[in-house]
Amino acid sequence: MTQTQHSTARTFVDTVTYRPGAVILYPGKSDMLYRVSSGLVRVHTMDDDGNGLTLRYVKPGEYFGEEALAGVNRAYFAEAVTDSSIDVINPALMSAEDNLVVTTHLVKTLERAYESIYRLVGKRLRARIAGELLELKDTALATQTENGDTMIYATHDELAAAVGSVRETVTKVVGELSREGVISAGYGKITLKNEKALATIAAA
């Protein structure tokens, strides 16, 4: 175990496992910091009409609940997307080294947030969907098929929440990408058939 691991271990309160769909955090008071040990967590919010919007996905080694560091209230939900193991960390016990690790994470998270905002406001839906699929290919939602393609377990509703659209419109675009041979879509899963073409679409 490295010095960093020793230091972080002292801050642990507990490690908790969650099943897919379980809500880990609700909006409200914040007192603990959370780190994904395994699995995938979705941070999301809802508008006044009850429509969900995915703010980001949290992968293993990444943190959420960072507002606990400033003692401010949380304004979002955090939900386990897959079977997930979550480390609960007490900010009051964090060392300077621990704080540096979390600060570095926050900088990277902010960079990803900027990219997501740019996609939402500056990209067509087709590009946003392509970018989201490429983002998900490196998460616990993805698996490799026998012929080496990446298959992502995601519904059209989940994609819509992630790209700021509605299911019907997302379904139309997914159908177009399928007909072009860039992806293939089944019930609750999408297979990336041509990642190079998908990257070109995402960059357009």
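A80 is buried, with a relative accessible area of 0%, where buried means under 20% relative accessible area, exposed means over 50%, and partly exposed covers what lies in between, all with a 1.4 Å probe and protein chains only. This residue lies in strand β7, residues 77-80; helices (H or I, at least four residues) and strands (E, at least two) are DSSP runs, numbered from the N terminus. The model is a predicted one, in which local features need pLDDT of at least 70 and side-chain atom pairs count only at pLDDT 80 or more, while totals for chains, interfaces and linings use all residues. Residues are numbered from 1 along each chain as its sequence is written, and side-chain values use heavy atoms, with hydrogens and water left out.

Which residues are in contact with A80, leaving aside its neighbours within four places in sequence? They are Y18, R19, P20, G21, A22, I24 and L40, contact meaning heavy atoms within 4.5 Å. A80 and V41 are 39 residues apart in sequence, yet their C-alpha atoms are 4.5 Å apart in space.

G188 can be described in the same terms. This glycine is placed in the loop between β11 (183-186) and β12 (189-192), and with a relative accessible area of 24% G188 is partly exposed. Once its neighbours within four places in sequence are set aside, G188 is in contact with I152, Y153, A154 and T155. From G188 to I152 the C-alpha distance is 8.4 Å, although 36 residues separate the two in sequence.

The next topic is helix α4 and its partners. Six of the eight residues of α4 are buried, so that the helix is mostly covered; the buried ones are H156, L159, A160, A161, A162 and V163. After α4 comes G164, whose phi is positive, near 70 degrees.

How do the axes of α4 and α5 cross, and within what distance do they come? The axes of helix α4 (residues 156-163) and helix α5 (residues 167-179) come within 8 Å and cross at roughly 105 degrees, where axes are lines fitted to C-alpha atoms, for helices over the stretch in contact, and angles run from 0 to 180 degrees between N-to-C directions. The two helices α4 and α5 are therefore roughly perpendicular to each other, given that angles under 35 degrees count as roughly parallel, over 145 as roughly antiparallel, 65 to 115 as roughly perpendicular and the rest as oblique. On the α4 side H156, D157, L159, A160 and V163 take part, and they meet R167, V170, T171 and V174 in α5. By class, this contact of α4 with α5 has five nonpolar, two polar and two charged residues; Ala, Val, Leu, Ile, Met, Phe, Trp, Tyr, Cys and Pro count as nonpolar, Asp, Glu, Lys and Arg as charged, and the others, Gly among them, as polar.

Helix α3 (residues 125-136) also has an axis that comes within 10 Å of that of α4, and the two cross at roughly 110 degrees. Therefore α3 and α4 are roughly perpendicular to each other. L125, R128, I129, E132 and L133 of α3 make this contact with L159, A162 and V163 of α4, and by class the contact of α3 with α4 has six nonpolar, no polar and two charged residues.

Salt bridges come next. A salt bridge is a side-chain nitrogen of Lys or Arg within 4 Å of a carboxyl oxygen of Asp or Glu, and by this rule the count comes to 13 salt bridges. The table lists some of them.

| Salt bridge | N to O distance |
|---|---|
| R35 and D87 | 3.3 Å |
| K137 and D138 | 3.6 Å |
| R167 and D157 | 3.5 Å |

R35 lies in strand β3 (residues 33-38) and D87 in strand β8 (residues 84-89), so the pair ties together parts that are 52 residues apart in sequence. R35 is buried at a relative accessible area of 15%, and D87 is buried at 7%. In the second pair, K137 is partly exposed, with 27%, whereas D138, at 52% relative accessibility, counts as exposed. R167 counts as partly exposed at 39%, as does D157 at 48%.
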